[in-house]
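Work through the exercises below with the sequence and the structure side by side, and try each task before reading its solution.

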Amino acid sequence: MPTTTIPTIPALTGALPRVEDEIRQLATSSTLPIVNEFSGRITAAGGKRLRSVVMLAGSLALTGEVTDKAVTAAACVELLHAGSLVHDDLMDDAVERRGVRTVNAEWGVGPAVLVGDFMLARASQAALESLSPFAAGKLAAAVADLVEGQVLEVLDLYDAHRSPDSALRSIALKTGALFRVGCVLAAHCADASEEVAVRLSEYGAHFGLLFQILDDLLDLASTSERLGKPVGNDLRQGVYSFPLLRALTDGQREFLAERGRELGDAELAGLLRELRGGRLVDDTLAYCGGLAAQTVRALPEVGESDALGVLRELPLAYVEWARARIG
């Protein structure tokens, strides 16, 4: 999601290049050039950087500035995220991400594990050295959440009778954890009160759910041209997402139970057409509208500012961004 879809604040937009610089420094800080080559290539491919936007806006709302510590914390969260994507690509046997060949496709399975491990470890190490033991501990806990969320997803692969609540629990750990820890670190770097930290943490957790549900919806209801990548990947890989599970008819559920592992291209295209012709899009967007409102209600009571306005407007703006990419 381009940051131009949310209100522009000079202090926020000016801080994002600082985050990029620090991500690059951390990603290429190995003593081994080949590790730096792959870690640097993955992080240089970019991304939405929404985790940084949320965290830096939180820092601005609490202190009126983006400190060096807040920039480092944002870079640590982004590096952790990038390391987890290296592992995701490995598990999915993906060959490309954001137009860049994956580490596993380019260098092999074992090296991909090691590069991902380096990035995860480097994020926590940087937090310990430049922020605090508390920050490093929170990042390490986020990694544990990521692992548990991924395990839950693996346990439910190709399970057409997976419950929507099970899917929510998995993404709360996999995706919500990183947005949540970013908000926790924003409060920590601002020396905020416990109450403010808890409320901001809840904001991050809710926004993480919103982000992933919309991402899952786009995989079902958008087009390859609009997304810049193939759609229906989750269905192919047996990851039955929250929007899908809520939309399936009994007949579609039984079809997936029988054919999910052998789903052909024509069968996948037919199922996607059926889903798009049903209540999938309207129901999911309505659910996300309610979740966006819940996210905003979690915001702590702090003084009005442009940064607080960004946090207030971002959830619904992201819903509208996703809506524009459907069809």
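**Exercise 1. Locate Gly182, and decide whether Gly182 is buried or exposed.**

Solution. Begin with the secondary structure: Gly182 sits in helix α9, which covers residues 176-189, where helices (H or I, at least four residues) and strands (E, at least two) are DSSP runs numbered from the N terminus. Before going further, note that this is a predicted model, in which local features need pLDDT of at least 70 and side-chain atom pairs count only at pLDDT 80 or more, while totals for chains, interfaces and linings use all residues. Residues are numbered from 1 along each chain as its sequence is written, and side-chain values use heavy atoms, with hydrogens and water left out. Next comes exposure, for which buried means under 20% relative accessible area, exposed over 50%, and partly exposed in between (1.4 Å probe, protein chains only). Gly182 counts as buried because its relative accessibility is 4%. Finally, look at the surroundings: leaving aside neighbours within four places in sequence, Gly182 is in contact (heavy atoms within 4.5 Å) with Met55 and Val77. The C-alpha atoms of Gly182 and Ala142 are 9.8 Å apart in space, although 40 residues separate the two in sequence.

**Exercise 2. Describe the place of His188 and name the residues that His188 touches.**

Solution. His188 also belongs to helix α9. With 27% relative accessibility, His188 counts as partly exposed. Once residues up to four places away in sequence are set aside, His188 touches Ser132, Phe134 and Ala135. Lys69 is 119 residues away from His188 along the chain, yet their C-alpha atoms are separated by 9.7 Å.

**Exercise 3. Asp93 and Tyr158 have positive phi values; state where each residue lies.**

Solution. Asp93, which is not a glycine, has a positive phi of about 55°. Asp93 is part of the loop between α4 (68-92) and β1 (96-97), and it is exposed, with a relative accessible area of 61%. Tyr158, again a residue other than glycine, has a phi near 60°. The loop that holds Tyr158 runs between α7 (133-155) and α8 (164-174), and Tyr158 is partly exposed at 22% relative accessibility.

**Exercise 4. Describe the chain as a whole: what are its helices and strands, and what does it span?**

Solution. Count the elements to begin with: the chain has 17 helices and 2 strands. Its radius of gyration, taken over C-alpha atoms, is 20 Å, close to the 20 Å that the globule rule (2.2 Å times the number of residues to the power 0.38) gives for 327 residues, so the chain is as compact as a globular protein of that length. Along the principal axes, the C-alpha trace spans about 55 × 45 × 30 Å. Of the 327 residues, 54% count as buried. Turning to contacts between residues at least 6 apart in sequence, 74% join residues at least 24 apart.
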